[in-house]
Amino acid sequence: MKVAITGSTGLVGHALVETLKRHQIQVVRLVRGETHSADDVSWDPASGKLDAAKLKGIDAVVNLAGDNIASGRWTLEKKQRIFNSRLQATKLLMETLAQLEQPPATVISASAIGYYGCRGDERLTESSANGDGFLAMVCREWEQAALHSPLAQAGSRVILSRFGIILSPQGGALAKMLPPFQMGAGGILGNGKQYMSWIALPDVASVLHHLLVTPGVAGAVNVVAPNPVRNSEFTRALGEVLGRPTLFPVPAFGAKLLFGQMADELLLASTNVSAEKLLASGYEFRFASIQPALQHLLRA
């Protein structure tokens, strides 16, 4: 198998490249700017630059491109970058691949559980309705760009990987939480009752490989561990793994003051997301529960 990957230098992309190579799968990386390997292909979504001829022979594509939603406050300019980076990359990729005489059989296009919005304790499956808010709107348009693309119309299998909170000390939410928790200054966010649908980074890469080689799976797939936890449970588990107290809560108003709209939609939102479709496809999680996952990730 020959797989093209966008966003290969990001947290998920880097882990996926390593996983695919271990399975003897050839990886072609789509990179912005200068290429450094014969397996790299230069592209520029903003200007619509991508040479279809260089993608000849691709069997599958994993599209992970998009501006980091958790870096900086959500100003109007930042929100426009988040939206444009995802839509431009997806549309360019899908339209270009559809031009090939033999388009790739499988496309995995990233999305997120932000699709559902804040839903309290409601158990959310892939058939649950689109929610409210900026992230829900971005995910909806992002998914539609893949589902209704020329590539999908050409018969390619399209999978929408709705990522939960990806846990890794190398980046993302956990990396940002570690410093205060390691100093004993960690605590719950808001009232601590909000559900966190999480997944460990090693499982993310393995799930994507599983989806690539499991032909019966299509459409939206929740890429989350089977046991979501409330923020209070996550806080307690992280404190226990680190051997630190967790006595310093961050009230909701404080989070909103620091992070604005991002606090409401990322830090305080409650999403209780089911992994049943992934489990039914035959995937076996390495880390299904939060404490063992954190112990492995932090080597405690």
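Tutor: In this predicted model, strand 1 (residues 2–6) and strand 5 (residues 60–63) pair in the parallel sense, with four bridges between them. Within this pairing, Thr 6 stands opposite Asn 63 of strand 5. In general, strands of a sheet pair through backbone hydrogen bonds, either parallel or antiparallel.

The two strands belong to an open sheet of eight strands, whose order is 4-3-2-1-5-6-8-12 and whose pairing is mixed. Its edges are formed by strand 4 (49–50) and strand 12 (219–223), each of which pairs on one side only. Helix 3 (residues 134–147) packs on the sheet, where it touches strand 6 (106–112) and strand 8 (157–163). The direction of helix 3 makes about 170° with that of strand 6.

A cysteine to consider next is Cys 139. Cys 139 is buried, with a relative accessible area of 3%, whereas Cys 118 counts as exposed, at 53% relative accessibility. The closest cysteine sulfur to that of Cys 139 is in Cys 118, 14 Å away. Because a disulfide requires sulfur atoms within 2.5 Å, this separation is too far for a bond. The structure as a whole holds zero disulfides.

Another helix deserves a brief remark. Thr 19 lies in helix 1 (residues 11–22) and is buried, with a relative accessible area of 5%. Leaving aside residues up to four places away in sequence, Thr 19 touches Ala 205 and His 209.

Conventions
Residues numbered from 1 in each chain as written. Predicted model: local features only at pLDDT ≥ 70, side-chain atom pairs only at ≥ 80, totals over all residues. Heavy atoms only, no water. Buried < 20%, exposed > 50% of the residue type's maximum accessible area, 1.4 Å probe, protein only. Contact = heavy atoms within 4.5 Å. Pairing = 2+ DSSP bridges. Axes fitted to C-alpha atoms, helices over the stretch in contact; angles between N-to-C directions.
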